[in-house]
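Here is a walk through one protein chain, from its overall make-up down to single side chains. Keep the structure open and follow along.

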Amino acid sequence: MAEQNTILEKLDGLESRYEEVSTLITDPNVIAEQDRYVKLTREYKELGDIMDARKRYIDCLNAIREAKDLLTNESDPDMREMAREELQTNESLQPRIEEEIKLALIPKDPEDAKNVQMEIRAGTGGDEAALFAGDLFQMYKKFCDSKSWSLSVTSASEGAVGGFKEIDFAVSGNGVYGILKYESGVHRVQRVPATETQGRMHTSAATVAVLPEADKFEVNISEGDIKWDTFRSSGAGGQNVNKVESGVRLRYPWKNPNTGETEEILIECTETRDQPKNKERALSRLRTFIYDREHQKYVDDIANRRKSLVSTGDRSAKIRTYNFPQGRVTDHRIGYTTHDLQGFLGGNIQDMIDALTVAENAERMKESEL
């Protein structure tokens, strides 16, 4: 009963906050502050779900108590049978609602709802690493398609025999960062490359970085300090490519808050043939880059505090191996293996992400003492 009381105490404490937030989001002054209003409406929805679970939990506990009373005091066989069924149903329901509430009570990462900028870089392994980086990009593209998310390539450098030396792309949709954040780290592949004539197995690697997209009001950029250049795009695309200077390059002097030194950030964007659109996307990447660098200390502090095996934010950690001879994919953080390698590379990565989410939530529950 102590555990029930703990859960109810936590829920009772949130009830007044729910009422407070429901009043705040109707206040014109709050609505005028976009940043605050967005955060409060998100909190209102999350608290609303918890309040719904609280009502179902209390109803369940009451039903159990009433059924036990009936079994103690009632002599009518039909009534006793009904009480037994009611007790059985609600006793099996109780732990499910408790688990739902515990998950809901874990503090949400405010980044989870954001869109992302992703980078895939070929690592050790030469041409084979570039081919593997291309395989990873196709895997994420198919996964994003299955979620009806929008994916747009920002810049790409192709490998000599295919794939990519590096590719940057943006993904937008519902709760993108909360799902894709587990992909940050080193992905390793073991296979006989198409480029290998002797049939020997190679080990290659590619690095994936997943950055939450920065909102305009989160990063202060002095646009007057940006130096812009334009240039002609190269590559396929017809006559327009060589005649119109649609590619943009920005240089921005940024003072690193951790070292105090000023460094120049250089960003190029040739994604569209429309120069204003390329400028807008280059600015978005600049905001995200600065946001990522300025928040790295914050991320490191959280990682150290949580010591999470799942989303440490460490991009140098080897997180996953794709073994072609054995047809398996293994995630080293949680020891999860799937033997459907082709399906996985075909975008069926949700089960792996679900397992990572469960592992991280279990850790966070321990910290929340739930």
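Contact here means heavy atoms within 4.5 Å. The model is predicted. Set aside the neighbours within four places in sequence, and asparagine 278 touches Ser246, Gly247, Val248, Cys269, Thr270, Glu271 and Thr272. Is asparagine 278 buried or exposed? Its relative accessibility is 0%, so asparagine 278 counts as buried. One of its contacts is Cys269. Cysteine 269 is buried too, with a relative accessible area of 1%.

Now step back to the whole chain. The protein chain has 10 helices and 11 strands. It holds 370 residues, and 39% of them count as buried. The chain exposes about 20,200 Å², with 47% of that supplied by carbon and sulfur atoms. Take the contacts between residues at least 6 apart in sequence: 62% of them join residues at least 24 apart.

Next comes helix α5, residues 126-146. How far apart are its end C-alpha atoms? They are 31 Å apart. The helix has 21 residues, and at 1.5 Å a residue it should span 30 Å, so the two values agree. Its buried residues include Phe132, Leu136, Phe137, Met139, Tyr140 and Phe143. Cysteine 144 counts as buried because its relative accessibility is 1%. After α5 comes serine 148, whose phi is positive, near 60°.

The cysteines raise a question of bonding. A disulfide is a covalent bond between the sulfur atoms of two cysteines. How many disulfides does the structure hold? The count is zero.

Helix α5 also carries a charged pair. Lysine 141 forms a salt bridge with aspartate 145, and their closest N and O atoms are 3.9 Å apart. The two residues are four apart in α5, which means about one helical turn separates them. Lysine 141 is partly exposed, at 32% relative accessible area. Aspartate 145 is partly exposed as well, at 48%.

Widen the view to salt bridges in general. Side chains of opposite charge can pair when their charged atoms come close. The cut-off used is a side-chain nitrogen of Lys or Arg within 4 Å of a carboxyl oxygen of Asp or Glu. By this rule there are 24 salt bridges.

One of them joins lysine 181 and aspartate 112, at 2.9 Å from N to O. Lysine 181 lies in the loop between α6 and β4, and aspartate 112 in the loop between α4 and β1, so the pair ties together parts that are 69 residues apart in sequence. Both lysine 181 and aspartate 112 are buried.

Another pair joins two strands. Arginine 121 forms a salt bridge with glutamate 166, with the closest N and O atoms 3.9 Å apart. Arginine 121 is in strand β1 and glutamate 166 in strand β3, so far as sequence goes 45 residues apart, and the pair links distant parts of the chain. Arginine 121 is partly exposed, with a relative accessible area of 25%. Glutamate 166 is partly exposed too, at 35%. The pair belongs to a network of salt bridges that links Arg121, Glu166, Asp168 and Arg285.

Leucine 70 belongs to helix α3, residues 34-73. Methionine 79 belongs to helix α4, residues 77-105. Leucine 70 is partly exposed, with a relative accessible area of 31%. Methionine 79 is partly exposed, at 32%.

Beyond its neighbours within four places in sequence, leucine 70 is in contact with Met79, Arg80 and Ala83. The C-alpha atoms of leucine 70 and arginine 80 are separated by 6.7 Å, and the two residues are 10 residues apart along the chain.

Methods:
Residues are numbered from 1 along each chain as its sequence is written. This is a predicted model: local features need pLDDT of at least 70, side-chain atom pairs count only at pLDDT 80 or more; totals for chains, interfaces and linings use all residues. Side-chain values use heavy atoms; hydrogens and water are left out. Buried means under 20% relative accessible area, exposed over 50%, partly exposed in between (1.4 Å probe, protein chains only). The expected span of a helix is 1.5 Å times one less than its number of residues. A disulfide is a pair of cysteine sulfur atoms within 2.5 Å. Accessible areas come from the Shrake-Rupley method with a 1.4 Å probe; for residues, only the protein chains shown count as cover.
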